[in-house]
Structure formats: C-alpha cells, structure tokens
Amino acid sequence: MYNSMDMINTSAVLSSIALVFIAAVITKVAWGRITARPASRNTTPHPPAISGSSIIPLLHTLLTKGLRAMLQEQYTKFGSVFTISFFGMKTTFLVGPEVSAHFYQGPESEISHGNILEFTVPMFGKDVAYGVDIVIRTEQNRFYVDALKPAKLRCHVAPMLQEVEKYFAKWGQQGLVDLKQELEQLFMLISARCLLGKEVREKMFDEVCSAFHELTENSLQLTSLLFPYAPTPMTRRRDRARARLSSIFAEIVRSRKSSNRVEEDVLQNLMDSKYRDGRSTTEAEVTGLIMAILFAGKHTSTTTSTWTGARLLSHTECLEAALEEQQQIIKKHGDNIDYDTLLEMSFLHCCIKEVMRMHPPASIFLRKVHKNFTVQTREGYEYEVPRGHTIASPLVINHNIPHIYKDPDVYNPHRFSHGREEDRVGGKFTYNAFSGGRHACPGEAYAYMQVKVIWSHLLRNFELKLVSSFPETDWLKVAPEPRGKVEVSYKRRMLPRSMLKN
Ligand code: HEM
C-alpha cells in the first residue's frame, strides 16, 4: 500500500512543504481578505478562508514565532477547520480528531497524496512507491507491513543489542558527547545490520552511508523538491548516488540468490515477498523498497531518540521512574533483554510516546482532495471542503489540544498510562505521530523497539546529564530536529543495580 510518496517519511515531506510555503510567501504577497464563503451549489459553506492581505500577519507570525504559533493563532480565531489561500493554492487545515476521520481513511479516489511526493520517484526509482500505480503500491506496502510485523521483529533484538553494546563500549569512563551526532551514527549502524543486511554492515558501510547521504541531501534541497527533474548539479549528484546504491543492492540480491544464502534482515524479507499473482519482487523493486525504508526510518528514529534523551535528562522525576523500571526488569530478568523484556518497559514506552506528542518527527501531513466532502466541527458547524484543495492535518496543533491533552506543554509520560490514556480521548485519530488509517507507518513497533534498546542500555550503564540548554526545534530543517548540538556528559556506572534505589 505504499507508493513512493509514502516511502518518504512524512516528516521530511511536510517540513519540505512548510519550506515551500515560506519561500512562496516570501517571494510574493497575495492580496485579499478573510471570508467565510458559501459553497457553490448547496448551502453548506466552505471553511473560513485567510487570503490576500490577511496573509501578511500570518506570515509575520510564521517567520517570527514559527509554524505552531501561526497555526495556533488561526485555530483560536477560526476553530478547527480553516483554509489558508495563497498563490491560488488553497490549503484547508483540519485540527483535531473530530474532523480528521476522512483525512486518514478516505478512499484513494477521494483523498490521496496527489503529486506532493513526486520528488521521491527519482530517489527510489520508477518501480516502487509513487513510481507505480495504487494497486502495486498497495501490495508493496503489504511487503513492509509483513517485514516489520512483531513475529519478524523478534530476531532483530539480538543484533540491535550487539550494535548498541559495541558502540557504547567505545565511550570512555566519562566524557562529553553530542548526543544527536552519536545517535545518528548508531542508528545507521543498526539500520545497516537489521534492514540492509550484513554485507553492507561488514563490507560496504562507509560507501553506503556516503551514497545515502548524497541521495537524501540532494533530493531534499528546495529546488530538487520543486523541480525534481531539472538538470541541476544537485539532481545529477542525487542520480549518481541512487545509481551507486542500486548497483550495490542489486549485486547483493544477485549474490544471495546465486549462492542460496538466506539472511535474517528486512532486505531478505523484501526479496522473498510475492505479489498476489505469484510474481516475485525484482532487483529494482527490492532496491527501491530498501532505500525508501531506510529513508523513512532513520531520521525519525534518530530525532525521537535524541528528544527522548533531552526530555528525560531535564525531568528528574521521569528519569528516576525510568531507572526504577529498569531496576525492576533487571531484578526479574537479570541483564537479559529480548523482545518480551522490551515490551515490559511500559514507562519508557510512554516517555518515548510523549516525546513524539511534543516533537512529532512529521509535523504536518498533507493530502489532495479529489472529491468534495463535508466535515462537522466539535462546535457543530458544518463545512464543505471542495475538490482541488490541499488538506492538512497539523500534528503540531492536534497533539496540543487542551481539551484532549491536559497541560499540553508539560512533558508528562503518565498521560498515556493505563486508565488515563489521553491519546484515546478523541477516538482513534487523537494521536498521530505514526499517521493513521491507510497510510499508518508500518515501522512503529520496530521504531519503539530500537529506541528502547538504546535507552535501556544508556540508562543501565551510564549516569547522564544534559550539559547544553534544552534544545529548540529547528523548523528550518526539512525534517524538524533539535537545533544545534545536544551536549550530554556521561559517567559509566559500575553496576546498574548498585546505582539505583532499593
Ligand atoms: C520514530 C520513528 C518513526 C516515526 C515517527 C514514523 C512516522 C511515519 C509516518 C507519520 C508515516 C506516514 C506518512 C503519511 O501519512 O504519509 C510513516 C510512513 C512510513 N514509515 Fe515510519 N516512522 C518512524 C519510523 C519508521 C521505521 C523505523 C521504519 C522502518 C524500519 C518506518 C517505515 C515507514 C514506511 C515504509 C512508511 C511508508 C508508509 C506508506 O507508504 O504509507 N518508519 N512513518
């Protein structure tokens, strides 16, 4: 069910769109006024629209206070459904679970990514994702879901742990690190091992990292996003990097097949996947699918993990509760960590979930409307959203609605604990860090698993302190992330048990 668009992680896409938005507004100021216009053929009005000169204060807020502040102002003023119109492009924002169902589960013929993710086609090739039709894409999505389902995840815990232990064994007795940079390197090592396979991890790690870096850096430049096929130096570098990666993965696939070698990694799962008509995946498809999954999972997991550190190390109570949980698990299972042990880390799970509520790696999701639909707001207003509009589900606001999340600006993992479960207050579209409905992230369980493997290890083996101030969000990055270095000092613990309470 995944097309090329979907392969691209939404965080990157949405932030890119925000950049496009900023750039477009900077270069030309449209004129107009705020109106609540009636629908063309029936009595249901279109959502209130902000356009023309009213864009100027909105732009001012966007540039001075950021995306969240700008959207929050419009939400306070107009309620949960409003349209921002500039340069003829109309984007209707749907804020909160009450108005989000159609966004997430409307059929492809009525709501789709449109051509928003067209730029992913030259990244991953014409054989996967947005290079193929919806039928093939849906099948390829099934390959992902299957490769990342819990039964298949169990075998990744041991290799993940080995990578984590080996990585942190290189740290000294004590020292100072940039957590963001450390975790980025570690996630690439884990991804190489569990997703791409041991050929890459053992023999071609540096080459694959550098080609992948070239591929993403050059694809996510504003010009490449807007004009993915223009013959610019960036698109040429992108194409060279993709060609290199394609040939590396094609060679690995051929070698495994010719020697009948079978590995326990996601690459193997994609190689073994079959379409409903019995056809096997081709080399080009496997190559495109594996590059896309790496792209979808790496940055999101790195930023989530870094924010988890920043939040835990700034909230003593949460840090102590997380340590206490580790201690209880150690008492029960010793130092052994497996898939089931990770599932027992429910407080750590809530800590990570709360991080993604406050710092969702994808801050806004976008879709194109192909057929008019109506939405009813919580206050009882009904609006018709017309065909042709872009619609947006802004997580930066949705995850901070006070009637759903008590004290939304406070980091409080307990809000997700059993019995309280604020993420269920508004139904199934209340918490959408992993999107939802037809395009829900297939890597959610894998993502939690790897972040927990890392953080349980860090908590057990190191005393950590956040040295730099709590990071701001860098909204100017294509995928929002903590701005600048996240400096953390560490001191090795001799034995986790002796360092903890009780
Ligand atoms: C904290 C980590 C992660 C977050 C927050 C996240 C979030 C998301 C979101 C929001 C989407 C849907 C985009 C949309 O609605 O269009 C998505 C799609 C996807 N994610 Fe994740 N993701 C994470 C980690 C991962 C990991 C680790 C993997 C794989 C190992 C992965 C694989 C994918 C794939 C293949 C898609 C494409 C789905 C589609 O085509 O509809 N993600 N992810």
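**Entry 1: Leu225**

I started with Leu225, which sits in helix 13 (residues 222-226). I kept in mind that this is a predicted model. Is Leu225 buried or exposed? I found a relative accessibility of 12% for Leu225. Buried means under 20%, so Leu225 counts as buried.

Next I compared Leu225 with Thr120. In sequence, 105 residues separate Leu225 and Thr120. In space, their C-alpha atoms are 8.7 Å apart.

**Entry 2: the whole protein**

I stepped back to look at the whole chain. I noted 22 helices and 14 strands in the protein. The protein has 502 residues, and 58% of them count as buried.

I then looked up contacts. Taking contacts in the protein with a separation of 6 or more, I found that 73% join residues 24 or more positions apart.

I also checked the surface. The protein exposes about 21,300 Å². Carbon and sulfur atoms supply 54% of that area.

**Entry 3: helix 16**

I picked helix 16, which covers residues 283-312.

How many residues of helix 16 are buried? I got 26 of 30, so I wrote down that helix 16 is mostly covered.

**Entry 4: Val286**

I stayed in helix 16 and looked up Val286, which lies there. Val286 has a relative accessibility of 1%. That is under the 20% cut-off, so Val286 counts as buried.

Which residues does Val286 touch, leaving aside neighbours within four places in sequence? I listed Val253, Leu267, Leu270, Met271 and Thr281.

I also checked Val286 against Ser273. The two are 13 residues apart in sequence. Their C-alpha atoms are 9.3 Å apart in space.

**Entry 5: the iron and Cys441**

I turned to the iron atom of the ligand. Which protein residue is its donor? I found Cys441, through its SG atom, at 2.3 Å. Cys441 is the only protein donor of this iron atom.

In an unreviewed UniProt entry, the annotation "binding site" covers Cys441.

Cys441 lies in the loop between helix 20 and helix 21 (444-461). Its relative accessible area is 31%. That falls between 20% and 50%, so I put Cys441 down as partly exposed.

**Entry 6: Val425, in that loop**

Val425 is also found in the loop between helix 20 and helix 21. I compared Val425 with Ile397. They are 28 residues apart in sequence and 16 Å apart in space, C-alpha to C-alpha.

I then listed what Val425 touches, not counting residues up to four places away in sequence. Val425 is in contact with His403, Ile404 and Thr430.

**Entry 7: Asn398**

I moved to helix 20 (residues 395-398), where Asn398 has its place. Asn398 has a relative accessible area of 2%. Under 20% means buried, so Asn398 is buried.

What does the side chain of Asn398 reach? I found the backbone nitrogen of Gly96, at 2.9 Å.

I also noted the contacts of Asn398, not counting residues up to four places away in sequence. Asn398 touches Leu94, Val95, Gly96, Ser393, Tyr405 and Thr430. Thr430 is on the contact list of Val425 too.

**Entry 8: two positive phi angles**

I looked up Asn260 next. Asn260 is not a glycine, yet its phi is positive, about 55°. Asn260 lies in the loop between helix 14 (233-258) and helix 15 (266-272). Its relative accessibility is 68%, which is over 50%, so Asn260 counts as exposed.

Then I checked Ser435. Phi of Ser435 is near 60°, again positive in a residue other than glycine. Ser435 is in the loop between helix 20 and helix 21. Is Ser435 buried or exposed? Its relative accessible area is 11%, so Ser435 is buried.

**Entry 9: His457**

I finished in helix 21, the place of His457. At 12% relative accessibility, His457 counts as buried.

I listed the contacts of His457, leaving aside neighbours within four places in sequence. His457 is in contact with Val164, Glu165, Phe168 and Phe462.

Note on methods:
Residues are numbered from 1 along each chain as its sequence is written. This is a predicted model: local features need pLDDT of at least 70, side-chain atom pairs count only at pLDDT 80 or more; totals for chains, interfaces and linings use all residues. Side-chain values use heavy atoms; hydrogens and water are left out. Helices (H or I, at least four residues) and strands (E, at least two) are DSSP runs, numbered from the N terminus. Buried means under 20% relative accessible area, exposed over 50%, partly exposed in between (1.4 Å probe, protein chains only). A polar contact is a pair of N or O atoms within 3.5 Å; within protein, one must be able to donate a hydrogen and the other to accept it, and residues adjacent in sequence count only if both atoms are side-chain atoms. Contact means heavy atoms within 4.5 Å. UniProt positions are given in the numbering used here, feature names are shortened, and annotations may be inferred rather than shown by experiment. The expected span of a helix is 1.5 Å times one less than its number of residues. Donors are N, O and S atoms within 2.8 Å of the metal (3.2 Å for Na, K and Ca); water is not among the atoms, so sites may look incomplete. Accessible areas come from the Shrake-Rupley method with a 1.4 Å probe; for residues, only the protein chains shown count as cover.
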